Amino acid sequence: MNISDAERIASVLESIKYKPALKMSEADLIVVTMCSVRQSAVDRIHGLIEKFRKLKTTNHKLQTILTGCIIKKDRIKFEKGFDYLVDIKDIKKIPEILNPSLRAKRNLGNYLDITPKYSSKFSANVPIMTGCNNFCSYCVVPYARDREVSRPAKEVIAEVKNLVRNGYKEIWLLGQNVNSYKDGKNNFSNLLKMVNKIPGEFWIRFTSSHPKDFNDEVINTMAIGGKITPYLNLPAQSGDNKVLKSMNRHYTIKDYKNKIEKLREKIPGIAISTDIIVGFPGETKKQFENTAKLFRDVKYDMAYINKYSPRIGTAAAKLNDNVLWEEKKRREKVLTEILKQTALGKNKKLIGKDVDVLINENRGNNYFGKDKHYKTIKVKSDKNILGKIVKVKITEAQPFTLKGEIM
Ligand code: SAH
Ligand code: SF4
């Protein structure tokens, strides 16, 4: 979502003839797209403010803007450190903020209407909605990005068609809860089907899916396959029903596992990842063991494990953050060890198989990419294959990376 925000900001700035600077020290304008989800990201802003203060002593022209997901309290705290503070919904106003004579001369539309300046030439983030209505008790997003707004399917389709025409190979449909997408006519399943019908060679991925809204209809649509890739991130957040209740997640582990079972039945071989929070207020060792059990039972391909940090203004911030940081680290380690085993087990089965890989990064002649199952695959190539889909034979498996040879 932050990348998508930054791509829209870059587009707004380009419309008033700003060009990207090669180094921070050469910039006339620095826009910081903040993320409030974790405290560590918020803490980094203090360092940036200090850096900008120093830069300003030699570059008197430098202006700074803070935008992105900002909650009220941080807004007050950071206001003095930046020249301007702009709500993410208002980024189209940046030109007139920088130059008041531009006021009312331009019409860039709403946040979702802004055509982004894509940061990649082959993989694009396409927001289908913004905001969130769920108020999970630990989460700051509903406060920082406001309520859910879905983008009309027509606009999403037009953007994807244009991207595919320009050679894009991977389309990420983005939203905090894509399964509650609704534009008045279409739900998420309809939207997926429509994107799937767009002609061209490209892959469809989407995130995030809230388990309470992820339903049979979407599973059946995913099972059609086509351009829809066999990968799903389904954030469980905890493996314990009492903790889930306290997190305000509205599903039980039984519901969650049923959905995983249906997915695996309809889409054999689907890769599944999850998001987890360890050390939620009051999470006992026994409750944590239920999360470890979930990991052993589901056998995830990948997991994004987060140590709980209180976010001011959220319901959970009023609870006692009583799990010590060291214990949170221990719980994170326990889950990582289980994950390493399950992921390695799955990856080993891929040795000898041929897969399509979209190459997205290189260091010298070492290239890295993702297959349809969102597995990271490393290959060597003397030719520049960045942005290409290549056929690879898998030769070696590690928990989080596979090695292969281009065929
Ligand atoms: N909309 C997504 C999550 C977006 S936030 C969903 O419903 O799953 C991305 C991840 O950050 C979450 O999945 C959660 O695991 C983590 N996270 C959010 N708030 C957190 C907090 N206060 N402490 C630790 N991790 C947090
Ligand atoms: Fe946060 Fe929950 Fe909304 Fe995800 S669904 S953004 S975790 S409130």
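Predicted model: local features only at pLDDT ≥ 70, side-chain atom pairs only at ≥ 80, totals over all residues.

Q: What about D275, how far is its polar side-chain atom from an oxygen atom of ligand 1?
A: That distance is 2.6 Å. R249 also takes part, with a side-chain N or O atom 3.3 Å from an oxygen atom of ligand 1.

Q: And how much of ligand 1's accessible area does the protein cover?
A: 91% of the 540 Å² that ligand 1 has on its own.

Q: How many residues surround it, and which are closest?
A: There are 15 around ligand 1, and the closest are Q176, Q237, D275, N306 and S309. By class, that shell splits into 5 nonpolar, 5 polar and 5 charged residues.

Q: Which strands supply at least two residues each to that shell?
A: Strand 10, residues 271-278, and strand 11, residues 302-307.

Q: OK, switching to the core. How many residues are in the largest nonpolar one?
A: 64, and L173, F188 and M222 have the most contacts inside it. Helix 6, residues 153-165, gives the largest share, 6 residues.

Q: What does F188 touch, leaving out residues up to four places away in sequence?
A: I128, L173, V178, N179, Y181, F206 and V218.

Q: Which residues are in the second core?
A: That one is separate and has 14 residues, including V12, V86, I88 and Y111.

Note on methods
Residues numbered from 1 in each chain as written. Chains lettered and ligands numbered in written order. Heavy atoms only, no water. Near = heavy atom within 4 Å. Polar contact = N/O pair within 3.5 Å; in protein donor to acceptor, adjacent residues only side chain to side chain. Areas by Shrake-Rupley, 256 points an atom, 1.4 Å probe, with all protein chains shown as cover. Helix = DSSP H or I, 4+ residues; strand = E, 2+ residues; numbered from the N terminus. Nonpolar A, V, L, I, M, F, W, Y, C, P; charged D, E, K, R; others polar. Core = buried A, V, L, I, M, F, W, Y, C linked by side-chain atoms within 4.5 Å. Buried < 20%, exposed > 50% of the residue type's maximum accessible area, 1.4 Å probe, protein only. Contact = heavy atoms within 4.5 Å.
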